[in-house]
Amino acid sequence: MIVVDGLLKAYRDLTAVSDLSFQVASGEVLGLVGPNGAGKTSTLRCLAGILPPNAGTIRLGGHDLATDPVGAKRLLAFMPDEPKLFEYLTVSDHLALSARLYQVPDAAARGRALLEELELTGKESAFPNELSRGMKQKLVIACGLLHDPEVIIFDEPLTGIDPGGIKRMKQTIVRRAKAGASVIVSSHLLHLVEEICDRVLILAAGRMVLVGTLDEIRRQAGQADESLEEIFLRVTERPAVPAAGGLAQASR
Amino acid sequence: MSAASPVSIFGFLARRSIANAIRLRLRRLKEPRYLIGLVFGIFYFVTMFLRPTRSGRGPHGIPAMPVEWTETLLLFGACAVAMLVLVSWLLRSGEQALKLSEAEVQALFPAPLSARSILHYALLRTQLALLFSSLIVTLVLRRNFSWSGLRMTVAFWVILSVLQFHFQALGFTKARWRERPAGQRRILFGLTFAIVLGLVALVGVGLSGALQVVWGAVRHGHLSRLPSLEGVEPAMASTPVGAATLWVLWPIRIVLRPLIVPDLQGFLLALLPALGVLLLHYTWLARTAIRYEEATIEHAGRRAEQRLRRQGKTVGTHRAGAARAKVPFPLGSSGRPELAIIWKNLLAFGRIRLSRVALGLTLTFLASLAGSYLAVRTAPGFAGGILFAAGLVAVAALLIGPTITFTLRNDLRGDLEHASLLRQWPISPVRLVAAELAGPWLISTGIVWGGLAIAMALTSGSASALAQRGLSQDSLDAIGIETWAKFGKLFPVSLGLALAVPAIVALTLIVQNGTVLAFPAWFPPGRHKQSAGLETAGMRLISMLAISLLLLVALIPAAVLVVPLVIFGWSTLGLWTVPIAGLLTAAPVAAEVAGGVFILARLLERFDPSLELNA
């Protein structure tokens, strides 16, 4: 389970995220959407323990990220939007590195299964410069899933992936959630969010604008027949308003 | 479950990366160009670094010297290091970044590792680089591997590590100070500034005292009787300032000492306190290194961007809006398309306005002319210095101008990476080639002509002033000023060079671009090809030899005309032979350049990007 309470992230004179509170239950997929510069990546980086927040608490699987970072991160997998790989490590080496970082006991078998699931079989000896953008993305996801995480954060997971790969990636995300993981998917592809996410959180200018299931969001937006895209465009084009219902409504 | 140890992660990454890098290099040797390159590279490495040491060398391969000298050397070395450290305390701004790559940030920051573990990983990573640097320095100084060489490597590694820890901890400390309230911050920075400035003055005075002792020994001819230098430290210790300086230098001398100790036992005894200083620095670093994440991500991004830029790949730029708006000249939508290519290639050199460059050069020319005139008119003694400066400017321009084309590659060599795009442009290959070469040619010629013009301004200004005082530059010798850079000599030589050098530069560009077009497998296209390794060094050697040979052959027709002129004309024309020789060089070379442009255009037509760029 992911619990975020009063998150504030500021860079020098810019407040990227302000007073953000939400929860993601086990087995749930939360879609995080917002226009460019809304604070999505800052939020995800704080959740992944990459950036320290200026205020607020983040709990992953019951572990406070500030007081027990190692315990919290052990449950976590973060898949960034831009895969950065080690130039001189092969696909197998990357998996081996992840296995060592997360102390995965049966890494070889799990790695093989993940490579097969993500269609990277046969690429074990390939170096990053021999992989396409989509393959690099898949490798990062394979590394992230190797330790069977309870908390999974995807930042634009479908960038550079072909249609067949997109379909399988969506299945992978849903399957992980069904297996009990708390999943956050940040994406500009609103149809993807509509399709695979149980709830949606719309961020604008660092503040939560709306959060809930699609039906709840429609009700909050006051338009019962609007698509997520229409709601998104309408609510993000006006100044940010406080989230309706706040944390109480955000968590089911 | 325990968290992964940073040593184990670093060990894994280092081991796999090195093994894979070697595997990739070996795989590359299947291509003959890399194999031949490796042979040349090994030959170069062996002849440069592994030559047998000469006799009379000391324990570490550096020339043998008595202990008294090494102690003095240690003292001066400590002064230099102290100054470096103190100046960094004055100038270095606070930075909290660890030196990690983007891949490391992405893999390690979300992983179940404590902040301390990531810090240890980053420190281990830099230690490997420092150890490698120490090994290279040892190899360059000693030219062989041995036990004493190993000692030297360890000594260098300790010195570099202490400095690295010190600078990193200093960055962290200052960054933490910046987070304090404004009042406290001002007091901390103000106090530090005052203390460090005082220490700089102290070391400066102490150093001058030490230098006086050495100078005294030199002046009295005691240098051959080396023990006289034993007096340096006692002489310093006898004055309060000198004694205080010795105290300030004490920790630095501890760190430097393992480098000068000749025997193993002494080395080990000297190493222990040096490691103690290293440990103290580690403690300082570990206590100050907190909240480094943001700065490290920013630093990793900057490094990745710099790396991409070095590889000639397009990246976002940090230039300010005004700098981005600068273009060499306004480019209209109509007119000759060649101008657009020249414009683009000048932009690749830098965001400068040609009108501003011309104005700057004109102002510098006028300032040189007026300045040298006024200076020499005030005091003829200035003439020597000004003429020396003129000579330096001319030589620098003649060196930088032609050689800059080897590194710029803002011509066909760089653009061939985008050969498919070049082919789409509605311009004939001959015009395209000529336009591509024009950019670097203009830059190179501009540097040469600009430098020579400024040198001329300096010499003619001083010549006019001397003439007004009834002196000639030839009479400078009489007033004790010796220089070859006199106007009467420099003008004809410069004129000849101004005529010949641009033609030779154009020829150089033809040869360099021709080799890339004709043999892209050997001379890869691209703006800045970054690769390393013995085989690459060997290939660079071969390419330099090939280009030099081609240039020599191309200069034969010019030599056929110039050599008889010099033989028969020198006695009558003297230095004025040079401008005529310049003209006689430029004429055949210009014809060759014209022919070369046509050949390059044919090569460009035949260039197949799909084959050549993947070779």
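Mentor: Let us begin with a term: a residue is called buried under 20% relative accessible area, exposed over 50%, and partly exposed in between, with a 1.4 Å probe and protein chains only. This is a predicted model, in which local features need pLDDT of at least 70 and side-chain atom pairs count only at pLDDT 80 or more, while totals for chains, interfaces and linings use all residues. Residues are numbered from 1 along each chain as its sequence is written, chains are lettered from A and ligands numbered from 1 in the order in which they are written, and side-chain values use heavy atoms, with hydrogens and water left out.

Trainee: Is B:Phe491 buried, exposed or partly exposed?

Mentor: B:Phe491 is found in helix 19 of chain B, where helices (H or I, at least four residues) and strands (E, at least two) are DSSP runs numbered from the N terminus. Its relative accessible area is 31%.

Trainee: Which helix of chain B supplies the largest share of the nonpolar patch?

Mentor: Patches are made of residues with over 30% relative accessible area and no salt bridge, like charges being joined within 9 Å and nonpolar side chains (Val, Leu, Ile, Met, Phe, Trp, Tyr) within 5 Å. The patch here covers about 580 Å² and is made by B:Phe491, B:Leu495, B:Leu499, B:Leu573, B:Trp576, B:Ile580 and B:Leu583. At least two of its residues come from each of helix 19 (487-518) and helix 22 (577-606) of chain B. The largest share, 3 residues, comes from helix 19.

Trainee: How many helices does chain B have?

Mentor: Of the 615 residues of chain B, 41% count as buried, and the accessible surface of the chain, by the Shrake-Rupley method with a 1.4 Å probe and, for residues, only the protein chains shown as cover, comes to about 31500 Å², of which 71% belongs to carbon and sulfur atoms. Among its contacts (heavy atoms within 4.5 Å) between residues at least 6 apart in sequence, 79% join residues at least 24 apart. Chain B has 0 strands, and its helices number 23.

Trainee: How many aromatic pairs are found over all chains, and how far apart in sequence are the parts tied together by B:Trp89 and B:Trp284?

Mentor: Rings of Phe, Tyr and Trp (its six-membered ring) pair if their centres lie within 6.5 Å, with planes under 30 degrees apart counted as stacked, over 60 as edge-to-face and the rest as tilted; a search of the whole structure finds 6 such pairs over all chains. B:Trp89 and B:Trp284 form a stacked one, at 6.1 Å centre to centre with 10° between the planes. B:Trp89 lies in helix 3 (residues 67-91) and B:Trp284 in helix 10 (residues 264-288) of chain B, so the pair ties together parts whose separation in sequence is 195 residues.

Trainee: What is the distance between the closest N and O atoms of A:Arg176 and A:Glu117?

Mentor: A salt bridge is a side-chain nitrogen of Lys or Arg within 4 Å of a carboxyl oxygen of Asp or Glu, and the whole structure holds 20 of them over all chains. A:Arg176 forms one with A:Glu117, the closest N and O atoms being 3.7 Å apart. The pair links distant parts of the chain, A:Arg176 in helix 6 (residues 163-178) and A:Glu117 in helix 4 (residues 107-117) of chain A, 59 residues apart. A:Arg176 is buried at 17% and A:Glu117 partly exposed at 22%, and the distance asked for is 3.7 Å.

Trainee: Which residues are joined into one network by salt bridges that share partners?

Mentor: A:Arg176 also meets A:Asp148 in a salt bridge of 3.5 Å, N to O. A:Asp148, in the loop between helix 5 (133-145) and strand 7 (151-155) of chain A, is 28 residues from A:Arg176 and counts as partly exposed at 47%. Through shared partners, the network joins A:Glu117, A:Asp148, A:Arg175 and A:Arg176.
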